[in-house]
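Please look through the structure shown here.

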Number of protein chains: 2
Amino acid sequence: MDRYLVISSDGHAGPRPEVYRDYLDPQFREEFDIQHKARMAMLEAAGERLEMRAESQKWAEGKDSGLSGAWDSERRNEIIDADGVAGEVLFVDGLTEQNSPPFGGDLALMPMGANPELQWAGCRSHNRWMSEFVGLEPARRFGLALVTPFWGVDVAVAEVEWAKANGLGGILMPHMWMDQDPYHHPKYEPLWAACEDLGIIIHFHSGAAATQDYFGAALFGAAPDGSPPVEMPGALGIYVTEVAWWLSRPLVFMIWAGIFERYPKLKVAVTEGTSIWVPELLELMDHRFGEHHFSAKLGTGYRKHLKMKPSEYFRRNVRIGSSCMPRREAELRHEIGIGNMMWGTDYPHPEGTWPITRKMMVETFHGIPEAEIEAMIGGNAAEFYGFDLAKLNPLAERIGPECAWFRDETA
Amino acid sequence: MDRYLVISSDGHAGPRPEVYRDYLDPQFREEFDIQHKARMAMLEAAGERLEMRAESQKWAEGKDSGLSGAWDSERRNEIIDADGVAGEVLFVDGLTEQNSPPFGGDLALMPMGANPELQWAGCRSHNRWMSEFVGLEPARRFGLALVTPFWGVDVAVAEVEWAKANGLGGILMPHMWMDQDPYHHPKYEPLWAACEDLGIIIHFHSGAAATQDYFGAALFGAAPDGSPPVEMPGALGIYVTEVAWWLSRPLVFMIWAGIFERYPKLKVAVTEGTSIWVPELLELMDHRFGEHHFSAKLGTGYRKHLKMKPSEYFRRNVRIGSSCMPRREAELRHEIGIGNMMWGTDYPHPEGTWPITRKMMVETFHGIPEAEIEAMIGGNAAEFYGFDLAKLNPLAERIGPECAWFRDETA
């Protein structure tokens, strides 16, 4: 093949927010009407003051038709065809901050302040929509269900089973547990077991961080406890500095807890948090796992349930959704792990590569050996997610970026 | 001088726990008696089950005389003389987990579960003791007062003034705010201003992390809410992986908040959390500070109050207490910043270099240019803390490690 098979490990899809009403169980529609109105008013009010929102809107101007690929199946195919993308992994949050499902059933799945019954209703409204959307193009779309584990592990397991039965191959879980039990708690074991048994891939996606409340307070004018907003200088800088750490945190807990020892086929993807932190995190965990003078006081009990080094579980069980991978990460691919990196577009988010995906791919990968590009740009994802190559390869032969574009003139 | 002037940026001192009773304001002594008894019983009970505690005790066997340098002034001088150390920065927590001050006035200064009035009483009992201990040997000892900012910033400012008036040149503050306001909150401004005005150096010291509760629950047999303990597999591995991150977190908040822009002479030391994370953290913050495609949606408002790059504030205002610096950090000194690293022994903690300090120094620094060793092993600390060289240099000429020991045979 003289074109690459491209799979985006990071796509977003969801209908306009009012559409979720029809996907909700009927008993939640009245509450939806109340909260939806308040939420739209808040977003509109924020729009005038919020620089970040203004930037997003500026970017979106004139792109209505392209952005409608967030929910319009045929339009989405046209868009990703033009981007050279054959297959996609689909997360919630079609248009940033504009069409999240209701009741906190969104990208962050925050437990703080959530009403468990309502949050599940919001999650399920999206899961039903996503199941339909994937059903329209099953070979090209790997859809994720929203699953929160905090309001009963049995309920979460049941939703995993529903996802499997309804054409969704993975789940998105919250990467911040806030005041709930962290993921090394043994109560979650049935959830890991169910995901392994059913081949359901667990995902964590960048977005939430612990400055969220203050960030939100500063932006939207209301502190979590209702007190007047306080301007917190630097909140956004802190947010972008820490956001990848919060995203990678579940890995640290899952690896040390021995979850990948007990569930060796369990798969986890960590998406849109860059991959720049991977080498240092693995080195740190392996160092802490090793024996040396400064760790002597820890004894050995804390690591005897692990039969491999932390980095070995990472290499085997974890993949990184390297959305919009910058050149520098491609250059560090040997340290990060060529086999663990999966390129993505983040379409249709404004920080993504669309509508200049082809240009940005070449910027990232030019001059790199073809087998390595092939793995990072689509091959790793095809294998990890089990995309049907018999169906996707003919498509890639038509729409994929030409291998020749990536060759350096001087090479 | 053919010997190095050595200053340890990380020493611990404090009396046996029952001694704090005499340093408490009288109205807290009855409560001390109650809590002290319960605490000793808990430690004793834990001693039988707790591998980490058993390892510490094994290490301490036969070292009683050496460990008494935690509170015995003359013995401490003999010990550090033999180690080649001329001056020390002194934190609380003389013997690990054995002689903390009462009521949570300890190394972690955790706000969760603390009684503000009692925690302050515990802090002040230690501050009085430390002031006396420093007074016995003021040229060699730079003592730190315990100051928690959460129970009224005015109270904290008053304690900073007390410290300055009583011979203590710095303060130790909690690096975890838990459910309290983080350090970018404007309410803390008077505290930063007071420290800058009085030349009081703020310290954060490794110890606490967010797995603490679960860690504690697993070790001591009581969950925070009183429910039966749950074995949390991997808790200690998670703890040692994350502990340096929690320690460095106040820097992220202070730098982005512009605190070093508004208080350009404010000094902060971050101690015993390794320095291996420094290059990546600075690179990340500078990257987030810069302009590029993926940051476009953030606008520019979040960084316009900073006139320098985050790394530049770090270089100017922050020093790292690189306790027991391993060889690898010395090798990375150019990336970490030779001017920011201050070697330390962590005496008398079991993970420290005592009683083989001289051997471990040489392991760390051998073959490195002398001017660079001189800076990292004592010169940086001498300047940062303002040690009186007229007094310390003659001592170093007698007890300091010989420069010749550090020269590689082959060089």
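**From a strand pair to the whole model**

B:Ser8 has B:Glu88 opposite it, in strand β2 of chain B. The strands β1(B) and β2(B) run parallel to each other and pair over four bridges; two strands are taken as paired if DSSP finds at least two bridges between them. Strands and helices here are DSSP runs, numbered from the N terminus, with at least two residues (E) for a strand and at least four (H or I) for a helix. The model is predicted: local features need pLDDT of at least 70, side-chain atom pairs count only at pLDDT 80 or more, and totals for chains, interfaces and linings use all residues. Residues are numbered from 1 along each chain as its sequence is written, while chains are lettered from A and ligands numbered from 1 in the order in which they are written.

Strand β2(B) covers residues 87-91, and five of its five residues are buried. A residue counts as buried if 20 or more other C-beta atoms lie within 10 Å of its own, as exposed if 12 or fewer do, and as partly exposed in between, with C-beta atoms placed from the backbone. On one face of β2(B) the buried residues are B:Gly87, B:Val89 and B:Phe91, and on the other they are B:Glu88 and B:Leu90. β2(B) also pairs with strand β3 (residues 141-146) of chain B, again in the parallel sense, over three bridges. There, B:Leu90 has B:Gly143 of β3(B) as its bridge partner.

Strand β1 of chain B, residues 7-12, holds B:Asp10. Is B:Asp10 buried or exposed? B:Asp10 is buried, because 27 other C-beta atoms lie within 10 Å. Leaving aside residues up to four places away in sequence, its contacts include B:Val89, B:Phe91, B:Thr271, B:Glu272 and B:Asp346; two residues are in contact if their C-beta atoms, placed from the backbone, lie within 7 Å. B:His205 is 195 residues from B:Asp10 along the chain, yet their C-alpha atoms are separated by 9.0 Å.

In chain A, the loop between β2 (87-91) and α6 (116-135) contains A:Asp93. A:Asp93 has a positive phi, near 75°, and is not a glycine. In chain B, B:Asp93 is in the loop between β2 and α6 (116-135), and its phi is positive too, about 80°. A:Asp93 is buried, because 23 other C-beta atoms lie within 10 Å. B:Asp93 counts as buried because it has 23 C-beta neighbours inside 10 Å.

In helix α8 of chain B (residues 189-198), B:Leu191, B:Trp192, B:Ala194 and B:Cys195 are buried. These residues lie on the same side of α8(B), because they cover an arc of only 160° around the axis, the arc being that of the directions from the helix axis to the C-beta atoms. They pack against α7 (153-165), β5 (201-205) and α11 (259-262) of chain B. B:Gly199 follows α8(B) and has a positive phi, near 70°.

In helix α13 of chain A (residues 310-317), the buried residues include A:Pro310, A:Tyr313, A:Phe314 and A:Asn317. Their arc around the axis is only 100°, so they are on the same side of α13(A). An α-helix has 3.6 residues a turn, so residues three or four places apart point the same way. Among the elements that the buried residues of α13(A) pack against are α10, α12 and β7 (318-323) of chain A.

Two cis peptide bonds come next. One joins A:Tyr347 to A:Pro348, with omega near 0°, and A:Pro348 is in the loop between β8 (341-344) and α16 (357-365) of chain A. Another joins B:Trp354 to B:Pro355, with omega near 5°, and B:Pro355 lies in the loop between β8 (341-344) and α16 (357-365) of chain B.

The two chains meet through 41 residues from chain A and 41 residues from chain B. On the side of chain A, α10(A) gives the most, with 11 residues.

As for confidence, chain A has an average pLDDT of 90, and 91% of its residues score at least 70; pLDDT is the predictor's confidence in each residue, from 0 to 100. Over residues 212-222 of chain A, pLDDT stays under 50. The model scores ipTM 0.92 and pTM 0.93.
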